[in-house]
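Here is a short note to go with your first look at this model. Please keep the 3D view open as you read.

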Amino acid sequence: MVERTDPGSVGVVAGRFVGALTVVLTVAVMLTHQEGFYRAVRIVLAGLESDFDVPVWVLFWGNVALVAAGRYAFCYVLGSLLGVAYDWLDRPGITLLAIVVALLGTIDGIYGGFGAQSVLVGGGYLLAWLAYVPVFAWLLEANDEADDGPLRLE
C-alpha cells in the first residue's frame with residue numbers, strides 16, 4: 001500500500017509558491033537599487049585596475065538571475081523540509097506549522113528588510129512566508145479528500 005497524502009510533496013508545492021512570491025519581491029528590490037550595484041561594481045573594477053571588458057549591465061542581470069534562482073531554491077528546499085518535519089511530528093496541526101513559518105518568515109523578513117533598508121520589504125517577506133500555511137493546508141486537505149481508499153500497485 002502507498003499513502004497518497006505526502007506532506008513532503010505538499011511542502012514542495014507550497015515552498016515553490018513562497019519562492020515565486022519572494023523572487024518577485026527580491027527582483028523588484030534589486031531593480032530599485034540598481035544604481036548602487038552599478039556604482040559598487042565600477043569602484044571595484046577601478047580599484048582592481050582590470051581590463052575587464054564585460055559591461056556592468058551584464059553583471060547586474062547575471063546577479064539578478066543568480067539571486068532569483070537561489071531564493072527560489074531556498075524556499076523550495078525549506079518548504080519541503082517543513083512538510084517532512086510536519087509529517088515526522090505526526091501531523092501536529094496547522095497551528096504549530098504557522099508558528100514555525102512565522103518565525104522563519106520573521107528571520108527572512110529581518111534579513112531582507114536590512115538588505116533593502118526597508119521595513120515594508122521585510123514585511124513583504126514575512127507575508128510571503130505566511131502564505132505557505134494556507135497553501136499547505138489547502139493542498140493537504142485536497143489530498144486527504146482525494147484519498148478514497150488504498151492505492152493498488154500493479
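1. **The chain as a whole.** A word before starting: this is a predicted model.

2. **Burial and surface.** The protein chain has 154 residues, and 32% of them count as buried.

3. **Contacts along the sequence.** Take the contacts in the protein chain between residues at least 6 apart in sequence: 80% of these join residues at least 24 apart.

4. **How to look at a helix pair.** Two packed helices are described by the angle between their axes and by the distance between those axes. The next points use both.

5. **H2 with H3.** Helix H2 covers residues 34-48 and helix H3 covers residues 56-88; their axes come within 10 Å and cross at roughly 120°. H2 and H3 are therefore oblique to each other. As for handedness, the crossing of H2 and H3 is right-handed.

6. **Who makes the H2 and H3 contact?** On the H2 side you can pick out Gln34, Phe37, Tyr38, Val41 and Arg42, while H3 brings Val56, Trp57, Leu59, Phe60 and Asn63. By type, the residues of this contact divide into seven nonpolar, two polar and one charged.

7. **H3 with H4.** Now follow H3 to helix H4, residues 94-116. The axes of H3 and H4 come within 11 Å and cross at roughly 155°, which makes H3 roughly antiparallel to H4, because angles over 145 degrees count that way. The crossing of H3 and H4 is right-handed.

8. **Who makes the H3 and H4 contact?** From H3 come Arg71, Leu78, Leu82 and Tyr86, and they meet Ile94, Leu97, Val100, Val101, Leu104 and Asp108 in H4. Here the residues of the contact divide into eight nonpolar, no polar and two charged.

9. **A closer look at arginine 71.** Leaving aside neighbours within four places in sequence, arginine 71 is in contact with Thr22, Val23, Thr26, Asp108 and Tyr125. One of these, Asp108, belongs to the H4 side of the contact described in the previous point.

How values were computed. Residues numbered from 1 in each chain as written. Predicted model: local features only at pLDDT ≥ 70, side-chain atom pairs only at ≥ 80, totals over all residues. Heavy atoms only, no water. Axes fitted to C-alpha atoms, helices over the stretch in contact; angles between N-to-C directions. Helix = DSSP H or I, 4+ residues; strand = E, 2+ residues; numbered from the N terminus. Parallel < 35°, antiparallel > 145°, perpendicular 65-115°, else oblique. Left-handed = near helix turned anticlockwise from the far one by under 90°. Contact = heavy atoms within 4.5 Å. Nonpolar A, V, L, I, M, F, W, Y, C, P; charged D, E, K, R; others polar. Buried < 20%, exposed > 50% of the residue type's maximum accessible area, 1.4 Å probe, protein only.
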